Amino acid sequence: DLATRDFGDTIAEAPLAGGLAPERLTLEITEQVLLGEVERSARRLQQLVDLGVEIALDDFGAGFCNFHYLKVLPLSTLKLDRSMLVGAPAGARDLAVLRGIIGLGRALGMKVIAEGVEHPAQRDLVASEGCHAWQGFLGAKPIASGAIGAFIAQRHDARTSDGR
């Protein structure tokens with residue numbers, strides 16, 4: 001909880017305790033955790049950024065979509081909610097909103113990631129519009145933590161046999 005006094009210390013200590021450099025950690029936050037405490041949250045998040053932690057705003061476009069957050073928070077990544085892809089590329093308004101938000105994120109120096117990509121046309125669209133990456137069922141369905149090793153091995157074997 002960003003409101004607790006030791007939030008920054010807890011997050012800063014976690015990667016170190018596990019042997020992970022803070023630069024390798026990205027903390028994903030949603031707009032919901034910021035309600036009413038934006039300035040205090042910005043200060044606490046800046047402390048983490050100063051240590052090397054990256055901050056991603058997750059599910060952007062699903063909630064209040066407060067552009068003020070983009071101005072005051074030390075964000076490195078903007079993760080677009082899957083709802084931003086609904087209707088695009090077919091709907092002109094949907095496409096205009098998607099392009100505008102991707103362009104804004106990039107103009108602010110953020111990585112932009114599209115969530116909820118389920119079809120090749122959506123993947124191609126977000127790539128052509130300048131998203132740095134995408135996530136969604138097109139890449140993989142959610143899996144249990146115990147199955148991650150087998151999933152990675154299977155993907156590695158498939159790439160190796162393809163010569164990639």
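Asp59 belongs to strand β2, which spans residues 54-60. In this predicted model, the phi angle of Asp59 is near 60 degrees, a positive value in a residue other than glycine.

- Most residues other than glycine have a negative phi.
- The backbone of Asp59, by contrast, has a positive phi, near 60 degrees.
- Asp59 counts as partly exposed, because its relative accessibility is 29%, which falls between the limits of 20% and 50%.

**The aromatic pair**
- One aromatic pair is present in the structure.
- The pair is formed by Phe60 and Phe67, whose ring centres lie 5.7 Å apart; the planes meet at 75 degrees, so the arrangement is edge-to-face, the cut-off for that class being over 60 degrees.
- Phe60 has a relative accessible area of 0% and is therefore buried.
- Phe67, at 44% relative accessibility, is partly exposed.

- With a relative accessible area of 17%, Ser76 is buried, because the value is under 20%.
- A polar contact of 3.5 Å joins the side chain of Ser76 to the side chain of Thr77.
- When neighbours within four places in sequence are left aside, Ser76 is in contact with Glu54, Ile55, Gly109, Met110 and Lys111.

How values were computed: Residues are numbered from 1 along each chain as its sequence is written. This is a predicted model: local features need pLDDT of at least 70, side-chain atom pairs count only at pLDDT 80 or more; totals for chains, interfaces and linings use all residues. Side-chain values use heavy atoms; hydrogens and water are left out. Rings of Phe, Tyr and Trp (its six-membered ring) pair if their centres lie within 6.5 Å; planes under 30 degrees apart count as stacked, over 60 as edge-to-face and the rest as tilted. Buried means under 20% relative accessible area, exposed over 50%, partly exposed in between (1.4 Å probe, protein chains only). A polar contact is a pair of N or O atoms within 3.5 Å; within protein, one must be able to donate a hydrogen and the other to accept it, and residues adjacent in sequence count only if both atoms are side-chain atoms. Contact means heavy atoms within 4.5 Å. Helices (H or I, at least four residues) and strands (E, at least two) are DSSP runs, numbered from the N terminus.
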